[in-house]
Amino acid sequence: MTSVDQVKPAAGTTAASTQRAERGPAPSATGGSGPPVSRRVRNRRGGSWWTPWLFLAPALILFLYFKFIPMASALTMSFQDVQPYLGNRWVGGENYATVLSSDGFREAAWHTVVLAVGQTLGSMLLGLALALLMEGQGRKLGFVRSAAFLPVVVPIAVVAELWRIMYHPTGDGMLNSLLGLVGFGPSGFINDPDTSMVSIMLTGIWRGAPYDMMIFLAGLAGVDRGLYEAAKVDGASRFQRIRHVTVPGLRAVLTILFILAAIRGLRVFTEVFLLTNGGPDGSTEVVMTVIYKLGLEQNRLGVGAAGAVLLFLATLLLTVGVHLFRRRGNE
């Protein structure tokens with residue numbers, strides 16, 4: 001006959017622990033008994049942590065060879081008097097002093113800022129307008145979006161040549177013919193110092209707005225539709241719904257697009273180089289064209305590298321400043 005003391009669990013144990021002991025070892029997360037899950041995961045993944053890096057290796061090698069190493073070389077060259085085949089001579093900050101004291105560089109920096117501001121605001125406003133017009137589902141809208149996105153995928157050299165033809169300064173040019181229909185005289189466009197900057201700005205807006213449109217369309221998909229209905233019930237007009245519902249809902253998208261468009265504007269080169277090459281009379285000279293002429297045409301590679309470093313620092317400060325401003329606004 002079994003005594004009560006034999007049935008009672010030992011001191012320091014509970015009924016729950018006794019039941020677990022009677023049931024045996026707990027099954028693992030994948031069923032059945034076995035080693036702990038963390039150990040099995042480590043055993044399964046052991047030796048394969050390098051697999052993602054193996055797939056990334058070709059792109060990382062290309063980035064290292066064609067981007068990061070040239071960036072480090074440009075930084076070193078900015079402190080040297082570069083003399084190919086003769087050896088470089090260390091000059092310290094002399095190249096930076098030459099760049100900053102140059103009247104041509106200061107004018108080019110001002111033109112770059114004006115062009116960047118105009119292209120950024122213009123492409124964002126036009127991109128938002130296009131996104132609002134093309135928001136929704138439908139086959140026709142998909143075709144129209146694809147057609148509107150074509151300027152982004154067309155090479156910039158082709159875009160510049162296309163606009164150069166349309167900007168033909170004679171009366172029978174394409175845009176001058178359209179201006180003649182509404183009673184305006186022919187314009188010189190890129191051949192006139194008074195209109196050359198605006199002409200290049202329009203080209204950049206035309207090419208950048210479709211890209212901004214696609215980003216805005218992705219952002220509009222995340223805006224709460226219930227807010228539109230509530231605003232409509234309250235009697236808000238379409239403009240008021242855009243101002244008080246759409247724009248606040250796109251705040252994060254606006255920040256990202258502003259940074260991308262501003263960087264695109266600060267680094268503008270190809271369209272300026274192909275359309276005007278900084279002319280006429282230096283009215284469209286930008287930082288990138290000055291760097292190109294100093295480094296490759298005048299063979300002052302150290303001064304050109306210093307200008308490139310200054311442009312990089314300006315872009316970096318702009319990006320960090322926008323992020324800090326956004327973080328402070330969120331707080």
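These legends walk through a few close-up views of a predicted model.

Residues are numbered from 1 along each chain as its sequence is written. Because the model is predicted, local features need pLDDT of at least 70 and side-chain atom pairs count only at pLDDT 80 or more, while totals for chains, interfaces and linings use all residues, and side-chain values use heavy atoms, with hydrogens and water left out.

**View 1. The whole protein chain, to get your bearings.** You'll find 17 helices and two strands here (DSSP runs numbered from the N terminus: helices are H or I with at least four residues, strands are E with at least two). Of the chain's 331 residues, 31% count as buried (buried means under 20% relative accessible area, exposed over 50%, partly exposed in between, with a 1.4 Å probe and protein chains only). Among contacts (heavy atoms within 4.5 Å) with a separation of 6 or more, 63% link residues 24 or more positions apart.

**View 2. The largest nonpolar core.** This core has 18 residues, and Ala131, Met213, Phe216, Leu220 and Leu250 have the most contacts inside it. (A nonpolar core is a set of buried Ala, Val, Leu, Ile, Met, Phe, Trp, Tyr and Cys residues joined through side-chain atoms within 4.5 Å.) Two or more residues each come from helix 6 (103–133), helix 11 (196–220), helix 12 (225–233) and helix 14 (251–266).

**View 3. Zooming in on Leu220.** Skipping neighbours within four places in sequence, Leu220 is in contact with Ala131, Leu132, Glu135, Arg225, Tyr228, Thr246 and Leu250.

**View 4. Helix 6 against helix 11.** The two pack at an angle of about 45 degrees, with axes 6 Å apart (axes are lines fitted to C-alpha atoms, for helices over the stretch in contact, and angles run from 0 to 180 degrees between N-to-C directions). Helix 6 and helix 11 are therefore oblique to each other (under 35 degrees is roughly parallel, over 145 roughly antiparallel, 65 to 115 roughly perpendicular, and the rest oblique).

**View 5. Arg241 and its surroundings.** Arg241 sits in helix 13 (residues 238–249). Arg241 counts as buried because its relative accessibility is 16%. Leaving out residues up to four places away in sequence, Arg241 touches Tyr228, Ala231, Lys232, Ala236 and Thr246. Leu227 is 14 residues from Arg241 in sequence, and their C-alpha atoms are 8.7 Å apart.
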